[in-house]
Amino acid sequence: MTPLRCIATTGLRGGLSLIFAYAAITKLADPASLHADIQSYRLLPEVVALPLAYFIPALEIVIALALWVSRYRQSATGILAVLMAIFTAAIAISWLRGLDISCGCFGESRSPQTNYPYLIGRDLLLLAIAGFLIYSERWHTAQTAG
Amino acid sequence: MKRHIVTTIQLLCIALLLATALAFINPIQQTNEDVITAKALVQMIAEDKALIIDARPASAYERAHIPNALNIIEGDWEQSLSNILDMWQSDRSIVIYCDSAQCSTSEQIAIRLKSDLAIERIYTLQGGWEAWQKANQ
């Protein structure tokens, strides 16, 4: 891996880790608010929404830490990409249904006018970064093996 | 490939354990999301038994709102909470409304209020502002 590529991947990985750690901490500070936010999507029954209010921030914090552990790095990036794809799809579905949601992304509970293009754009950007990191890691593994 | 599947499962299991621990440490108090109709609200207003909270954006509130409704301050939950406590009396119920049946802000705020204030009689207005307008045409 070239030094420039190495710096770029480390920087992007660090950025993702910080973003996910921050998102987890803000959610953990107010799980009731996250629970309300999940309900606002009207996609899941209550029996699923309540456990998710704990599982999502727990998974985010695990991902944030695992991104720094070489053994878990690729799996963490993969889970992160799947998570971002699910978040993006949930937001897009709510937009199509004309719902007024609070995304719950960083703990904020009330956004009277949901800015859907911004939310989807932001999630797609994070998804693209995760995709780049997965590609970069595989490329590096292939180069090393070769 | 097999190694990645194993490490992915390991990470998911760690997250599951952590989530379980968090649920025990900081449990969410289950709330009872009661809903009232516009007609019932008219009665409550006549008896002065309701503190009404408008959960719509400030611009919508300024155009029109239910008489004496208090608007939630966008982005300042603490100040909004303080305003609600100033206005609330123990014999009054809290009724929250947003735009229509399609919005969920009133439900979200009801959940947060129940969690933060431990007030039992918190209701959301069925059909929101739209239903109120129809009922009072």
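Me: In what order do the five strands of the open sheet in chain B sit?
Reply: This is a predicted model, where local features need pLDDT of at least 70, side-chain atom pairs count only at pLDDT 80 or more, and totals for chains, interfaces and linings use all residues. Residues are numbered from 1 along each chain as its sequence is written, chains are lettered from A and ligands numbered from 1 in the order written, and side-chain values use heavy atoms, leaving out hydrogens and water. The pairing in this open sheet is parallel, and the order is S1-S5-S4-S2-S3.

Me: And which strands of chain B are at the edges?
Reply: Two strands count as paired if DSSP finds at least two bridges between them. Strands themselves are DSSP runs of E with at least two residues, helices are runs of H or I with at least four, and both are numbered from the N terminus. The edge strands each pair on one side only, and they are S1 (34-36) and S3 (70-71) of chain B.

Me: Is S4(B) largely enclosed or open, and why?
Reply: Buried means under 20% relative accessible area, exposed over 50%, and partly exposed in between (1.4 Å probe, protein chains only). In a regular strand the side chains alternate between the two faces of the sheet. Here Ser93(B), Val95(B) and Tyr97(B) point one way, Ile94(B) and Ile96(B) the other, and all are buried. With five of its five residues buried, S4(B) is therefore largely enclosed by the rest of the structure.

Me: What pattern does chain A follow along the sequence?
Reply: Chain B has six helices and five strands, and reads α-β-α-β-α-β-α-β-α-β-α. Chain A has five helices and zero strands. Its pattern is α-α-α-α-α.

Me: What share of the 146 residues in chain A is buried?
Reply: For chain B, 42% of the 137 residues count as buried. In chain A, the figure is 49%.

Me: Which residues make the nonpolar surface patch of about 400 Å²?
Reply: Patch residues have over 30% relative accessible area and no salt bridge; like charges are joined within 9 Å, nonpolar side chains (Val, Leu, Ile, Met, Phe, Trp, Tyr) within 5 Å. Areas come from the Shrake-Rupley method with a 1.4 Å probe, and for residues only the protein chains shown count as cover. One of the members, Leu43(A), lies in the loop between H2 (31-40) and H3 (46-66) of chain A and is partly exposed at 39%. The patch is made by Leu43(A), Leu44(A), Val47(A), Val48(A) and Ile93(A).

Me: What area is buried between chain B and chain A?
Reply: Contact means heavy atoms within 4.5 Å, and 36 residues from each of chain B and chain A take part. Buried area is the accessible area (1.4 Å probe) that two parts lose on being put together, summed over both. Carbon and sulfur atoms give 59% of a total of about 3100 Å².

Me: How many salt bridges does the rule find across that interface?
Reply: The rule wants a side-chain nitrogen of Lys or Arg within 4 Å of a carboxyl oxygen of Asp or Glu. Across the interface of chain B and chain A, the count is zero.
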